[in-house]
Amino acid sequence: MELWQCAAVVTGAASGLGAETARYLAEAGAKVTAIDIDAAGVDKVSRQIGGLGIVCDVSDAAATEAAIAQARQTHGAARVLVHCVGRAEAHRLISAEGVMELDAFRRLVDVNLISSFNVLRLAAADMATLPPLGSGERGIIIFTASVAAYEGQSGETAYAASKGGVVSMILPAARELGRIGVRVVGIAPGLFGTPTLFAMERNLDPRIVEDIPFPHRFGDPAEFALLVVHVVKNVMINGTVLRLDGGYHR
Ligand SMILES: NC(=O)c1ccc[n+]([C@@H]2O[C@H](COP(=O)([O-])OP(=O)(O)OC[C@H]3O[C@@H](n4cnc5c(N)ncnc54)[C@H](O)[C@@H]3O)[C@@H](O)[C@H]2O)c1
């Protein structure tokens, strides 16, 4: 699918991978709506790219429905939805402070998994109203998983479970939405130098990058955004999760 004049929604667009994705999509000519819970950040990014900024908690059904409706009113129904919202927290199941709170698990599932399902259903409903393009394609939904979905570390049981749920949604959603020409794809980043990474690994040893086969450095959000643009353009990529990790296995 070509991005020129195409309406696109990016969630988690105030920071990190989402902010860079919003910039790349806008540079490619898309009409971008940036959604995030961080009002100052979303205002800054949407001004930079000349797009629409909406403050919204995307794990909330009514608020997200209203945000998608506002995006539709401004740019038309989106053919591209890139979901970059995420939260990372490390918790030991049992530690000197006691047993892990169940609410901490719920919080991660809410932000990482429930929000993904929430935008999936709302974006798909909008895409279904659009006429198909020449290729028969109506739209694409891209999720951000994590290599933790496959290789979670000690302390990541909740985060890994929330991302594993995202990975599991992709194939059945692609099978169902393929009937209307909508693709569903996941990207599983390795280590990217953003606030989420440093929240998860507070005492992160910078030598960790030596464990990445190549290149020996954190990923740059621009490399994530570049893959998003490729996935949008390449109609054969569907129903799968692409690792973007420099060969890093934990
Ligand atoms: N950085 C990494 O190394 C890495 C690795 C694997 C996966 N990921 C995933 O990539 C995605 C993007 O993360 P990032 O590294 O860019 O982090 P980031 O912290 O820079 O960005 C996450 C954004 O999500 C927003 N957000 C959080 N909860 C929200 C909510 N309920 N509603 C709306 N917005 C909300 C935050 O305000 C923030 O702007 C996340 O899903 C993260 O789990 C990141």
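Helices and strands are taken here as DSSP runs, helices of at least four residues and strands of at least two, numbered from the N terminus. In this predicted model, helix α1 is followed by G29, a residue whose phi is positive, near 100 degrees.

Helix α1 itself comprises twelve residues, 16-27, and spans 17 Å from its first C-alpha to its last, which is close to the expected 16 Å. Because eleven of its twelve residues are buried, α1 is largely enclosed by the rest of the structure; among these buried residues are G16, E20, R23 and Y24.

The strands considered here form an open sheet of seven, in the order β3-β2-β1-β4-β7-β8-β9, with parallel pairing. At the edges stand β3 (52-55) and β9 (241-244), each of which has a single partner strand, so that one side of each is left without a neighbour in the sheet. On average, and with direction ignored, neighbouring strands of the sheet are turned by 15 degrees against each other. Strand β8 (residues 182-189) runs parallel to β9 and is joined to it by four bridges, and P189 has L244 in β9 as its bridge partner.

Two helices lie across strands of this sheet. Helix α1 lies across β1, β2, β4, β7 and β8, running at about 165 degrees to β1, whereas helix α6 (residues 157-177) lies across β7, β8 and β9 and runs at about 165 degrees to β8.

Around the ligand there are 29 residues, of which S15, G16, G86, T194 and T196 come nearest. Two or more residues of this shell are given by each of α1, α4 (102-128) and α7 (195-200). By residue type, the shell divides into 13 nonpolar, twelve polar and four charged residues.

Notes. Residues numbered from 1 in each chain as written. Predicted model: local features only at pLDDT ≥ 70, side-chain atom pairs only at ≥ 80, totals over all residues. Expected span 1.5 Å × (residues − 1). Buried ≥ 20, exposed ≤ 12 C-beta atoms within 10 Å, placed from the backbone. Near = placed C-beta within 6 Å. Nonpolar A, V, L, I, M, F, W, Y, C, P; charged D, E, K, R; others polar. Pairing = 2+ DSSP bridges. Axes fitted to C-alpha atoms, helices over the stretch in contact; angles between N-to-C directions. Contact = placed C-beta atoms within 7 Å.
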